[in-house]
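Please read the points below alongside the structure. They are meant for someone who has not seen it before.

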Amino acid sequence: MFLSAQEIAASREQALGNLLALSSHYLATSQRACQIATGAGREGIEHASRRWSQLAHGQLDALIQFPATLWLDALPRAGELLDQSLQLLGEAHKAWLQGSEAQVRIVDGIVFAYLRRAGRSSPWETVIVLDALRNTLNGAEQTLHEINAAAIEQVDRVGEEMQQVVTPSANRRVRARNKPEA
C-alpha cells in the first residue's frame with residue numbers, strides 16, 4: 001500500500017514547484033516594496049529640500065506655514081504609498097491562497113493514490129467505504145477551491161475599496177490647493 005517511486009518523486013517535484021513559485025512571487029513582492037519605499041523616501045527628501053531652500057532664501061512667510069504645508073503636501077504621497085503597499089499585500093495574500101490550494105491538491109493526490117491502491121487489494125465492502133471517502137475528499141477539495149476563490153475575490157474587492165478611499169481624498173486636497181483664489 002505504499003506509493004511508487006514515481007508517485008513520490010512527482011509529489012516532491014510538485015511541492016518544490018509550488019514552493020519555488022511562492023518564493024519567487026514573494027521575492028518579486030519584496031523587491032517592489034523596496035522600490036516603493038525608496039521612491040517614497042526620495043520624493044520626501046526632494047520635497048522637504050525644496051521647502052528648506054525656500055526658508056534659506058529668506059522667504060519668512062513660508063516659515064510660518066512650514067509645518068502645515070509640509071504635512072499637507074506629504075498627505076497625497078502618503079496615501080499613494082499606502083495604496084501601493086496595500087496592493088502588494090493583497091497580491092501576496094492571493095499568492096499565498098493559491099499556493100496553499102495547490103499544496104492541498106498535492107496532498108489529496110497522495111491520499112487518492114493510497115485509496116486506489118487500498119481499493120485494489122480490499123474486499124468489496126471496503127471498496128464502498130473507500131469510494132465514499134474519495135467522494136468526500138473530492139467534495140472537500142471543491143469546497144476549498146470555492147472558499148479560496150471567494151477569498152481572492154474579497155481581497156480584490158478590498159483593494160478596490162481602499163484605492164477609492166485613498167485616491168479621491170488625495171486628489172480633492174491637491175485640487176483644492178491648486179485652485180486659484182478669487
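1. The largest nonpolar core has 5 residues in all: Phe112, Leu115, Ala118, Leu130 and Leu137. A nonpolar core is a set of buried Ala, Val, Leu, Ile, Met, Phe, Trp, Tyr and Cys residues joined through side-chain atoms within 4.5 Å. Helices α2 (60-120) and α3 (124-178) each supply at least two residues of this core, and α2 gives the most, with 3 residues. In soluble globular proteins, nonpolar side chains tend to be buried together.

2. The model is predicted: local features need pLDDT of at least 70 and side-chain atom pairs count only at pLDDT 80 or more, while totals for chains, interfaces and linings use all residues. Residues are numbered from 1 along each chain as its sequence is written, and side-chain values use heavy atoms, with hydrogens and water left out.

3. On the overall layout, the protein chain has 3 helices and 0 strands, which gives the pattern α-α-α along the sequence. Helices (H or I, at least four residues) and strands (E, at least two) are DSSP runs, numbered from the N terminus. Of the 182 residues of the protein chain, 21% count as buried; buried is under 20% relative accessible area, exposed is over 50%, and partly exposed lies in between (1.4 Å probe, protein chains only).

4. For the protein chain, 79% of the contacts with a separation of 6 or more are between residues 24 or more positions apart.

5. Glutamate 101 sits in helix α2 and is buried, with a relative accessible area of 10%. Not counting residues up to four places away in sequence, glutamate 101 touches His145 and Asn148. Serine 11 belongs to helix α1 (residues 5-56) and is also buried, at a relative accessible area of 12%. Apart from neighbours within four places in sequence, serine 11 is in contact with Ile106 and Ile110.

6. How many salt bridges does the structure hold? There are 6, a salt bridge being a side-chain nitrogen of Lys or Arg within 4 Å of a carboxyl oxygen of Asp or Glu. Side chains of opposite charge can pair when their charged atoms come close.

7. One of these salt bridges joins the side chains of arginine 117 and glutamate 7 (3.4 Å, N to O). Arginine 117 lies in helix α2 and glutamate 7 in helix α1, so the pair ties together parts that are 110 residues apart in sequence. Arginine 117 is partly exposed at 26% relative accessible area, and glutamate 7 is partly exposed at 27%.

8. Glutamate 91 and arginine 32 also meet in a salt bridge through their side chains (2.7 Å, N to O). With glutamate 91 in helix α2 and arginine 32 in helix α1, the pair ties together parts that are 59 residues apart in sequence. Glutamate 91 is partly exposed, with a relative accessible area of 27%, as is arginine 32, with 34%.

9. Lysine 94 forms a salt bridge with aspartate 156, and their closest N and O atoms are 2.6 Å apart. Lysine 94 is in helix α2 and aspartate 156 in helix α3, so this pair ties together parts that are 62 residues apart in sequence. Aspartate 156 counts as partly exposed, at 32% relative accessibility.

Technical notes:
Contact = heavy atoms within 4.5 Å.
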